[in-house]
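Hello,

Here is the structure I promised to pass on to you. My notes on what turned up in it follow below.

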Amino acid sequence: MKERKILKEYGDVEITLGSTNLKRGFAKMVKHGVVMDVTNPTQAGIAEDAGAVAVMVLDKLPADIRARGGVARMATIQAIKETMETVSIPIMAKCRIGHTMEARLLEEIGVDMIDESEVLTPANEASHVWKWDFTVPFVNGCRDLGEALRRIEEGSAMIRTKGEAGTGNVAEAIRHMRLVNNGIRQVVAAKDNPQELMILAREMKVSYETVLKVAELGRLPVVNFAAGGIATPADAAMMMQMNCDGVFVGSGIYKSEDPEVRAEAIVMAVTHWDNPEKVAEAQSMVSERASMPGLDVSTLDEGKKLQLRGANI
Amino acid sequence: MKERTIGLLGLQGAIEEHEASIKEAGTRLGIEINIRHVLLPEDLDGLDGIIMPGGESTAMIKQGTKSGLLPALRKRLADGFPAFGTCAGAILLAKHVKRDAKSEIREGAFPVIDMTILRNGYGRQKDSFSVPLHIAKVGTDLNAVFIRAPIIEEIHPEVDVLATFDGHPVIVQKDNVLASTFHPELSGNPDVHSYFLKLVG
């Protein structure tokens, strides 16, 4: 088994830490919720009060990373620790793709989940972090089913769409979720055809067993969130309608002119996504004039697209 | 065939896992289970019992207060409505809640079980654990999964303690209300859900 769990004596019994069930279980507890990007403890407090299920601590919001250029790395440890002391909800933080040591440090300081994220500058062009070696759960981005399953095979406990972070444009998140859903449908349709499953596994560069698992479950074997470009309550509810388990909101909140009320409105839209009256109530809490201006992804050079990072490995 | 309509507090958290467990328990007991996700006060009509899943209690309280569900459910629980809360759900059912070790005791969302519960009592995710647990009254041995779990620090003698771990109650019962600080819905064993269905009657 690839799983690395720790057994510990606890009085006269033995307890298990860091097992796959505990890591995937953590992700299950944030379902139907909103994880919000924050850059300081004050923003984290606002997020908690708005009903966020967790916060993602960053040095700079994705929109600022995009504008500033240069190398984007893990956040300042002191800033992460201060946020951990301020709020009672789980804390997530990002490490660079393939930067096993940044991940190890985030595990060491006790963050609740690590996002191995394309928003930061990739550190290893050959491979992602081998996440089975960690007891802290990881979330990874994907653009289609194959990418999701490759990350799960590396030990990821949760998947999110990549979307196109820092654009305020939900189009890419929708595209990625559509591709994941289409991929799952294709696998499910081949459920009783081992040869077809084998072909799909080879195309996606994953094992037959992993594909078979998806065919049996009819979904990913881990929690699946939407991320990348969500800016309004309607965006968030749209992603929930596409079968997501919850959403990450990055620049959409703190790059708007009404972050407090927008944070609350997005949470409300995720909770009640299936009830148009409630989503309309949430949407009417925010003004479109206050939304982040955003970027049209079709005008972005390929080199500026964060979603391509780490996609082919 | 006997039929029961079970509500799942649908504000946030591991809702679907409970849905699967309660259905499995129903099949085993020969009870047809109708599931309803409870988000609004009117969703409470005609329910035989409710399950409150794990998740973030702060997020649930925020949304439940806004929609008017919390006051409606609180009234219903005061009249003796069968309920089963796990982790965050247990926090919602506790009379006294501590946000963290340093903070003052506050009244819980539905003060049905006279106990003091400390949120994230074992620590952060790195301290999440599982342990084999025997629950005599339920008649089961399961792998109890604790995820950023709360600790029941004090409990009124009239509340039944069904099992303890490290000196603290981890599953408790007051009349037809059941609360566990661990996640039976993640143990792959529907015995606790079967026990709850028997409480529902």
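The largest cavity is lined by 22 residues, and A:Asp37, A:Ala165, A:Ala227, A:Gly228 and A:Gly250 are the ones nearest its centre. A cavity here is a set of points, on a 1 Å grid over the protein atoms alone, where a 1.4 Å probe fits but cannot get out; a pocket is an open set with protein on both sides within 12 Å along at least five of seven lines, and lining residues have an atom within 4 Å of a point. This is a predicted model, in which local features need pLDDT of at least 70 and side-chain atom pairs count only at pLDDT 80 or more, while totals for chains, interfaces and linings use all residues. Residues are numbered from 1 along each chain as its sequence is written, chains are lettered from A and ligands numbered from 1 in the order in which they are written, and side-chain values use heavy atoms, with hydrogens and water left out.

Back to that cavity: its volume is about 190 Å³, a volume being the space filled by probe spheres set on grid points that are joined across faces, edges and corners. In chain A, β6 (113-117), β10 (247-249) and α11 (251-254) each supply at least two residues of its lining; helices (H or I, at least four residues) and strands (E, at least two) are DSSP runs, numbered from the N terminus. The lining has 7 nonpolar, 9 polar and 6 charged residues, where Ala, Val, Leu, Ile, Met, Phe, Trp, Tyr, Cys and Pro count as nonpolar, Asp, Glu, Lys and Arg as charged, and the others, Gly among them, as polar.

The structure holds 5 cavities of 30 Å³ or more.

The largest pocket has about 590 Å³ of space. It is lined by 24 residues, with A:Lys28, A:Leu217, A:Pro221, B:Glu17 and B:Leu186 closest to its centre. Helix α1(B) gives the most to this lining, with 5 residues. The second largest pocket has a volume of about 490 Å³, and 4 residues, the largest share of its lining, come from α2(B).

What about the nonpolar cores? The largest has 46 residues, and A:Met36, A:Ile80, A:Leu106, A:Met239 and A:Val247 have the most contacts inside it. Such a core is a set of buried Ala, Val, Leu, Ile, Met, Phe, Trp, Tyr and Cys residues joined through side-chain atoms within 4.5 Å; buried means under 20% relative accessible area, exposed over 50%, partly exposed in between (1.4 Å probe, protein chains only). Another core, of 34 residues, lies apart from it and includes B:Leu142 and B:Phe146.

Finally, have a look at strand β13 (residues 177-180) of chain B. B:Val177 and B:Ala179 point one way from the strand and B:Leu178 and B:Ser180 the other way, and all are buried. Strand β4 (residues 83-86) of chain B pairs with β13(B) in the parallel sense over 4 bridges, and two strands pair if DSSP finds at least two bridges between them. Strand β12 (residues 168-174) of chain B runs antiparallel to β13(B), joined by 4 bridges. The hairpin of β12(B) and β13(B) has 2 residues between the strands, and B:Asp175 in the turn has a positive phi of about 55°.

Best wishes
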